[in-house]
Structures are given as structure tokens and as C-alpha cells.
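Open the model in your viewer and keep the selection panel at hand. The tour goes stop by stop.

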Amino acid sequence: MIQDFFHGFNIFSEHEIDDFAQLFEVRKVYKNEIFIQEGEKCKEIALIRSGIFRSYYISEEGKDSTYCFRFPNDLLASYSSFISGAPSVETMQAISDADLLILKKDKIDELVQNHPNWMKFLKIIAEQEYLELEKRFFQLQRDNAKQRYVTLLENQPNYIQDIPLQYLASYLGITQRHLSRIRKEISF
């Protein structure tokens with residue numbers, strides 16, 4: 001999986017990928033377990049082999065708001081904390097049992113120092129994170145809840161049924177009752 005993931009960027013040689021693939025650690029994460037807690041510093045990044053994660057924050061009123069899901073073959077990290085060293089403003093939680101491939105920040109820092117292609121890779125990841133954030137921003141501004149649900153359904157048809165309704169409704173910015181009405185309108 002690591003080889004396939006990094007080949008997709010067309011940056012690294014086979015030899016480079018084989019070298020740094022050995023630096024990843026395998027970790028099993030169980031349903032409801034936290035990968036990164038709000039207030040902690042993110043010191044590792046993960047490649048999701050299996051499972052689904054949600055990113056959420058708690059508002060001043062104590063409301064739990066899901067704003068992002070991560071699926072197999074996605075990278076998982078509190079990105080702003082990871083790059084800045086500041087405490088995370090989000091919590092990332094497994095919503096199913098999951099298998100991760102973990103790479104520690106200190107190992108990434110070494111790779112950046114010793115392999116110039118890692119700077120290119122990190123630039124691409126930063127660009128992808130920005131584009132995803134922009135897409136989500138415009139989606140929230142332009143699309144109604146049904147359109148946002150359809151987009152999620154089109155992009156992740158194999159996993160959407162595994163997301164608990166309360167998290168899905170929170171992500172869409174609607175009540176569970178409204179979500180149930182939307183799901184009835186859409187045929188699978």
C-alpha cells in the first residue's frame with residue numbers, strides 16, 4: 001500500500017520508496033479511539049489502510065461538530081498542528097476499527113533533510129490540503145445539505161453507510177431527522 005500511495009505522486013524512485021517504507025509503523029486503532037486529541041501536538045502522520053475517521057471540534061456551547069471524514073488511502077493528521085508544532089484545534093476519532101501506517105514527524109524531518117523529493121511531496125500535500133479546505137468552504141457556502149450528501153455519496157459510496165447518522169448529520173449541518181428525509185429521497 002505504501003508503494004502504491006507514493007508511486008501515485010510520480011516523484012520518488014522505487015529505491016527511495018523502498019527505503020522510507022521501512023520507517024512506517026503499523027498501528028491498530030479501535031472504534032471510538034482517538035488518533036489526535038484537541039490540545040495535543042500532532043507528532044505523526046498516518047496513511048489509513050482500513051477504517052474511517054472523523055475530525056471534529058467542540059464549540060464554546062459544548063456542541064460536537066464533525067467537519068471532515070477520512071477514508072482508506074487518505075492521510076490522517078492534524079495538519080496545522082503537524083506543520084506548526086502548535087496544539088491541535090481538532091480531535092480525530094476512529095468511527096470504525098482501523099489499521100494505520102504511521103510515520104513520526106522526526107522521521108519526516110530527516111527525510112526532508114536527506115531526500116530532496118520529500119520537499120516536493122510535502123508541497124503537493126500542502127496544496128492538496130488547501131484545495132480540499134477551499135472545496136469544503138465553497139461547498140458549505142453554495143450547496144444545500146442534499147447536494148453535500150450527494151457529493152459525499154458519489155465520492156465515498158462504499159463507506160457512507162458505515163458513518164453513524166449523528167456524525168453525518170453534523171457534517172452536513174442538519175438534524176438527523178432532516179438527514180433521514182434526504183436519504184429517503186435518494187435511491188441507492
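Start with helix α4 and select Ile 108, Leu 111 and Val 112: these are its buried residues (buried means under 20% relative accessible area, exposed over 50%, partly exposed in between, with a 1.4 Å probe and protein chains only). They cover an arc of only 100° around the axis, so they sit on the same side of α4; the arc is that of the directions from the helix axis to the C-beta atoms.

A note before going on: this is a predicted model, where local features need pLDDT of at least 70, side-chain atom pairs count only at pLDDT 80 or more, and totals for chains, interfaces and linings use all residues. Residues are numbered from 1 along each chain as its sequence is written, and side-chain values use heavy atoms, with hydrogens and water left out.

What covers the buried residues? The cover includes α2 (14–21), β3, α3 (79–84), β8 and α5 (117–142). Helices (H or I, at least four residues) and strands (E, at least two) are DSSP runs, numbered from the N terminus.

Show α4 whole, residues 105–114. It lies across β3 and β8 (98–104), at about 50° to β8. Axes are lines fitted to C-alpha atoms, for helices over the stretch in contact, and angles run from 0 to 180 degrees between N-to-C directions. Contact means heavy atoms within 4.5 Å.

Next, the sheet below. Its 4 strands form an open sheet in the order β1-β8-β3-β6, with antiparallel pairing. β1 (25–29) and β6 (75–76) are at the edges with a single partner strand each, so one side of each has no neighbour in the sheet. Two strands pair if DSSP finds at least two bridges between them. Select Leu 47 and Leu 75: they are bridge partners, the latter in β6.

Move to β7, residues 91–94. Thr 91 and Gln 93 point one way, Met 92 and Ala 94 the other, and all are buried. Strand β4 (53–58) runs antiparallel to β7, joined by 4 bridges. Pick Ser 55; its bridge partner is Met 92. Strand β2 (34–36) is also antiparallel to β7, through 2 bridges. There, Ile 34 stands opposite Gln 93.

Last stop: α6 (145–155) and α8 (176–185). They pack at about 60°, with axes 10 Å apart. Contact residues include Tyr 149 of α6 and Ile 182 of α8.
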